[in-house]
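Here is my note on the structure you asked about. Keep the picture open while you read, and take the points one by one.

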Amino acid sequence: MFVNNNTVLVFFRKSRYYGFFVFLLIASSCSVSNHETSLIKEAWKNYLYQLQMDSLNYTEKSNWISSQIAADLPLFTILTETDFFKIRPEILSVKTNDSITTIRTKFFLKNGDVHSIYVSLAKKIHANDTIYFLPYFDDYTSRFSKKTIGSIRYFFNPTEYSIDSAEANQMLVFNKKTAKLFKTKEIEFDYYIFKNTEERLTAEGYEFHYLTKKLLNHSAHADLNNNAIIVGKHTSTYPHEVIHLYTAQYYPQVHTWFDEGLAEYLGNDGKKLQKNRDIIKKFLEDSTINTRDILKLEDNLAKQGTSLKYDLGSLIVEKIQERDPESGLYDILRNGSDDKSFYKLVESKLHIKQENLMDSLLIWIK
């Protein structure tokens with residue numbers, strides 16, 4: 001094929017024109033993208049400041065798009081689980097891909113240690129020129145399957161797990177039983193299933209958490225604001241967390257030792273309870289720690305998957321129920337959340353003073 005010099009020159013000139021036009025489009029697109037990323041970063045920075053300053057009076061924030069009632073609860077938890085003025089956030093990266101921006105934030109404790117690295121999402125809605133935040137949890141679970149069985153809505157990865165019908169039925173029966181015990185209607189709730197605790201933490205937005213190793217012993221938790229149970233193991237039943245949904249909704253003032261004690265006592269069989277108590281008994285007998293105030297003991301001192309709060313709490317609940325089967329449970333639930341009220345009820349029901357409680361627990365635990 002023959003092409004003369006003029007044709008080549010015209011083609012070259014047009015190519016340069018179109019190339020420059022494409023370059024302008026790309027540059028313009030990048031400029032808009034960079035501008036939006038900067039706006040999102042600034043909005044996130046302002047949001048974190050507002051959340052931290054208002055953290056003791058937590059309310060749902062309107063600039064979140066989510067099916068969850070309290071979409072930014074993990075952030076609120078980060079800022080309040082220690083003295084909230086001691087937490088310092090630092091934005092690590094803000095990257096936009098298509099229309100979604102990923103924000104990674106590192107939270108430092110006052111001593112400089114890293115508390116956590118939290119991942120959230122954001123997008124700008126051009127219709128109203130507003131920036132909204134999206135919880136990573138919603139994005140992570142968007143590919144999950146949903147199956148409703150009675151009062152429970154299960155969410156799970158169908159490539160890794162199928163709902164166990166027998167376990168789901170046990171969960172339904174337990175929910176009905178708990179509603180009857182609390183003299184109220186059944187609670188409907190969501191139940192999210194992950195393969196392990198690491199995946200659960202990732203889905204909840206934690207790229208890193210300083211308590212990760214400790215949290216591995218806790219394979220589930222109740223999301224009380226969203227009426228959900230989040231499970232880090234392949235199981236369709238987790239009665240312990242069901243109790244927390246009921247206490248949070250109907251008896252939010254219950255003391256944390258009674259709350260966990262009730263959940264452990266009502267949500268587990270006798271074999272598991274006794275196994276954990278045996279471990280704790282040996283630990284306490286071999287220990288030289290001051291046990292005058294058991295509420296001040298570090299929760300996981302005995303290790304091996306046990307918890308002083310859960311396991312000793314369940315033993316105290318059991319003894320109160322034995323002494324007063326008619327009203328013991330309701331007195332526990334209505335008693336109050338402060339430590340003074342806790343010891344006052346123990347003394348009233350079991351006739352044991354605070355300084356003698358551990359001695360009695362060691363006798364009962366045998």
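Predicted model: local features only at pLDDT ≥ 70, side-chain atom pairs only at ≥ 80, totals over all residues.

1. The chain has 366 residues, and 46% of them are buried. If you take contacts between residues at least 6 apart in sequence, 61% of them link residues at least 24 apart.

2. Now find α10 (residues 308-323) and α12 (residues 339-350). How do you describe a pair like this? Two packed helices are described by the angle between their axes and the distance between those axes. Here the axes come within 10 Å and cross at roughly 40 degrees. An angle under 35 degrees would count as roughly parallel, and the perpendicular class starts at 65, so α10 and α12 are oblique to each other. The crossing of α10 over α12 is left-handed.

3. Which residues of α10 and α12 meet? From α10 come Ile-316, Lys-319, Ile-320 and Arg-323, and they meet Phe-342, Val-346, Lys-349 and Leu-350 of α12. Sorted by class, this contact has five nonpolar residues, three charged ones and no polar ones.

4. The buried residues of α9 are Leu-273, Asn-276, Arg-277, Ile-279, Ile-280, Lys-281 and Leu-284. The cover over these buried residues includes α8, α10 and α13.

5. Next, look at the loop between α9 and α10, where you will find Gly-305. Is Gly-305 buried, exposed or partly exposed? Its relative accessibility is 43%, so it counts as partly exposed. Gly-305 and Asn-276 are 29 residues apart along the chain, yet their C-alpha atoms are separated by 8.0 Å. Asn-276 is one of the buried residues of α9.

6. Two backbone angles deserve a second look. Most residues other than glycine have a negative phi. His-351 has a positive phi of about 60 degrees although it is not a glycine. This residue comes just after α12, in the loop between α12 and α13. The relative accessible area of His-351 is 66%, and anything over 50% counts as exposed, so His-351 is exposed.

7. The other one is Asp-98, with a positive phi near 60 degrees in a residue other than glycine. Where does Asp-98 sit? Look in the loop between β1 (88-97) and β2 (100-108). Asp-98 has a relative accessible area of 75%, so this residue is exposed too.

Notes. Residues numbered from 1 in each chain as written. Heavy atoms only, no water. Axes fitted to C-alpha atoms, helices over the stretch in contact; angles between N-to-C directions. Helix = DSSP H or I, 4+ residues; strand = E, 2+ residues; numbered from the N terminus. Parallel < 35°, antiparallel > 145°, perpendicular 65-115°, else oblique. Left-handed = near helix turned anticlockwise from the far one by under 90°. Contact = heavy atoms within 4.5 Å. Nonpolar A, V, L, I, M, F, W, Y, C, P; charged D, E, K, R; others polar. Buried < 20%, exposed > 50% of the residue type's maximum accessible area, 1.4 Å probe, protein only.
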